[in-house]
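Reader: Hi, I'm new to reading structures and would like to go through this one with you. Could you start with what sits on the inside?
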Amino acid sequence: MHTLLITGPGGAGRTTVAAATALAAARTGQRVLLLSGDPGDPLAALVGEPTGEPVQAAPGLTAVPAAGVLVARVDSGEEFREELVALQERGSALLGMVGARPLGAEELTELPGAEQFALLRALRRAAAAPGTDLVVVDMPPLHQAVATLALPAQLRRYLARLLPAERQAARALRPVLAQLAGVPMPAQWVYEAAARWDEELAAVQAVVEAGTTSLRLVAEPGPGADAALRTGLLGLALEQFPVGDVVANRMVPQGSPDPWLAGLAAQQEKYAAQWAGAELTEDMPVLPLGHLGRDPVGPEDMARLTGAEGLVPEVSGETARTRRPWPVEDRLAEDGVLVWVVPLPGAHKRDLDLIRRGDELLLAAGPYRRIVSLPSALRRCTVSGAALADGQLRIRFTPDPGLWPRRP
């Protein structure tokens with residue numbers, strides 16, 4: 001099964017492209033599940049009226065058949081209420097000790113960030129849906145999508161630091177340790193909950209980083225979209241999420257006698273050509289999608305948008321652009337250093353920062369930050385410099401004589 005994540009700058013038409021992709025794939029005979037977390041169910045106006053009763057697409061994921069695809073919408077509010085009520089029940093003893101009054105499900109309203117959690121859980125469920133060839137996911141706008149895709153790995157790191165599994169004390173020793181320390185020890189259910197969260201986050205992370213998952217960007221060619229695309233691609237590169245292709249959406253036909261339309265068409269062609277040939281996108285395919293002259297509504301309008309070659313992804317095997325580790329160049333013989341090469345296309349020196357903390361490196365690129373573990377060889381080195389050139393951050397590491405094995 002293949003998973004296609006679709007995102008782009010806000011207002012670029014990513015939901016329309018997601019619906020068009022799903023419908024086009026369904027017409028080729030693929031069994032398609034279309035997933036969206038947008039409120040208001042905007043997909044309904046694009047794919048048409050339901051053609052059957054809701055079905056259970058996967059455990060915990062309900063979908064409605066429409067125009068040959070299964071359409072599922074994430075209810076982040078319901079997910080938030082269920083999780084918080086369950087957490088209160090597990091911690092009822094602690095809440096009683098401090099005199100807290102539990103919140104009822106009917107009075108809970110979701111907090112910012114609940115949408116991302118709900119979408120990630122639905123993505124994991126959709127990826128395990130039986131009898132499905134392709135899962136198309138209408139992701140949030142590009143900047144938010146980068147943060148959402150990076151969330152599982154970040155949260156797993158937080159859990160490992162705050163509740164490390166190796167520090168769990170045996171249940172029989174907890175009262176003794178509590179008396180020695182003078183503070184109550186974390187209850188066993190806290191560690192059990194952390195283990196359950198880590199397991200679920202690991203499953204989501206596995207789907208996001210799988211070789212059968214690809215990322216499609218949607219943008220309307222122009223200066224504003226170009227700036228947003230460059231920033232988003234920088235964040236995706238930092239998180240090591242490869243992009244499969246870019247859809248240049250709402251392209252105006254060439255050759256119009258109207259000066260305004262002719263100028264708009266020329267501008268769109270200019271930016272679409274830049275995206276196709278620049279090192280920013282590593283020569284990834286750019287798929288032009290024409291403008292209907294109105295907001296598309298229903299399957300008939302979707303059919304008019306599915307003529308772009310390559311719009312329907314291949315569902316067999318891994319994608320051509322898989323997640324690759326950053327290479328380490330051995331330049332010990334020439335320069336006495338190891339060089340860690342971090343591809344950051346479109347990055348500027350003024351927007352970069354890096355800090356070494358133990359066996360980890362904190363990297364900042366524009367508005368994005370990521371903490372990565374150093375490869376084993378680099379942990380026995382000190383950072384001796386870094387340089388940015390041709391879209392690559394090259395970090396130099398000098399072996400620490402006290403840790404590096406001596407050569408005979």
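Author: Gladly, and please keep in mind that this is a predicted model. The largest nonpolar core has 67 residues, and those with the most contacts inside it are Leu33, Leu35, Leu217, Leu236, Trp340 and Leu344.

Reader: Which residues is Leu236 in contact with, leaving aside its neighbours within four places in sequence?
Author: With those neighbours set aside, Leu236 is in contact with Leu142, Val146, Leu215, Leu217, Phe241 and Val243. There is also a second, separate core of 27 residues, which includes Val17, Ala25, Leu134 and Val247. As a general point, nonpolar side chains tend to be buried together in soluble globular proteins.

Reader: How much of the chain is buried?
Author: Of the 408 residues in the chain, 43% are buried. The chain exposes about 20900 Å², and carbon and sulfur atoms supply 55% of that area.

Reader: OK, changing topic: how many helices and strands are there?
Author: The chain has twelve helices and 16 strands. Nine of the strands form an open sheet with mixed pairing, in the order β3-β4-β5-β2-β6-β1-β7-β8-β9.

Reader: Which strands stand at the edges there?
Author: Those are β3 and β9, the latter covering residues 286-290; each has a single partner strand, so one side of each is left without a neighbour in the sheet. From one strand to the next, the twist averages 30°.

Reader: In what sense do β3 and β4 pair?
Author: Strand β3, residues 55-58, pairs with strand β4, residues 61-66, in the antiparallel sense over three bridges, and the bridge partner of Val55 in β4 is Ala63. The two strands form a hairpin with two residues between them, and Gly60 in the turn has a positive phi of about 85°.

Reader: And β1 with β6, parallel or antiparallel?
Author: That pair is parallel: strand β1, residues 2-7, and strand β6, residues 134-138, are joined over five bridges. Within this pairing, Ile6 stands opposite Asp138 in β6.

Reader: Which strands does helix α5 lie across?
Author: Helix α5, made of residues 114-127, lies across β1, β2, β3, β4 and β6, and runs at about 175° to β2. Helix α5 also packs against helix α6, residues 142-162, at an angle of about 75°, with the two axes 10 Å apart. Angles of 65 to 115 degrees count as roughly perpendicular, and α5 and α6 are therefore described that way.

Reader: Which residues meet between α5 and α6?
Author: On the α5 side they are Gln116, Phe117 and Leu120, which meet Gln144, Thr148, Leu151, Pro152 and Leu155 in α6.

Reader: Last topic: what is the order of the open sheet of four strands?
Author: The order is β10-β11-β16-β15, with antiparallel pairing. Its edge strands are β10, residues 328-331, and β15, residues 381-389, each of which pairs on one side only. The twist in this sheet averages 25° from one strand to the next.

Reader: How many bridges join β15 to β16?
Author: Eight bridges join β15 to strand β16, residues 392-399, and the two run antiparallel; the bridge partner of Ala386 in β16 is Ile395.

Definitions and conventions: Residues numbered from 1 in each chain as written. Predicted model: local features only at pLDDT ≥ 70, side-chain atom pairs only at ≥ 80, totals over all residues. Heavy atoms only, no water. Pairing = 2+ DSSP bridges. Core = buried A, V, L, I, M, F, W, Y, C linked by side-chain atoms within 4.5 Å. Buried < 20%, exposed > 50% of the residue type's maximum accessible area, 1.4 Å probe, protein only. Contact = heavy atoms within 4.5 Å. Areas by Shrake-Rupley, 256 points an atom, 1.4 Å probe, with all protein chains shown as cover. Axes fitted to C-alpha atoms, helices over the stretch in contact; angles between N-to-C directions. Parallel < 35°, antiparallel > 145°, perpendicular 65-115°, else oblique.
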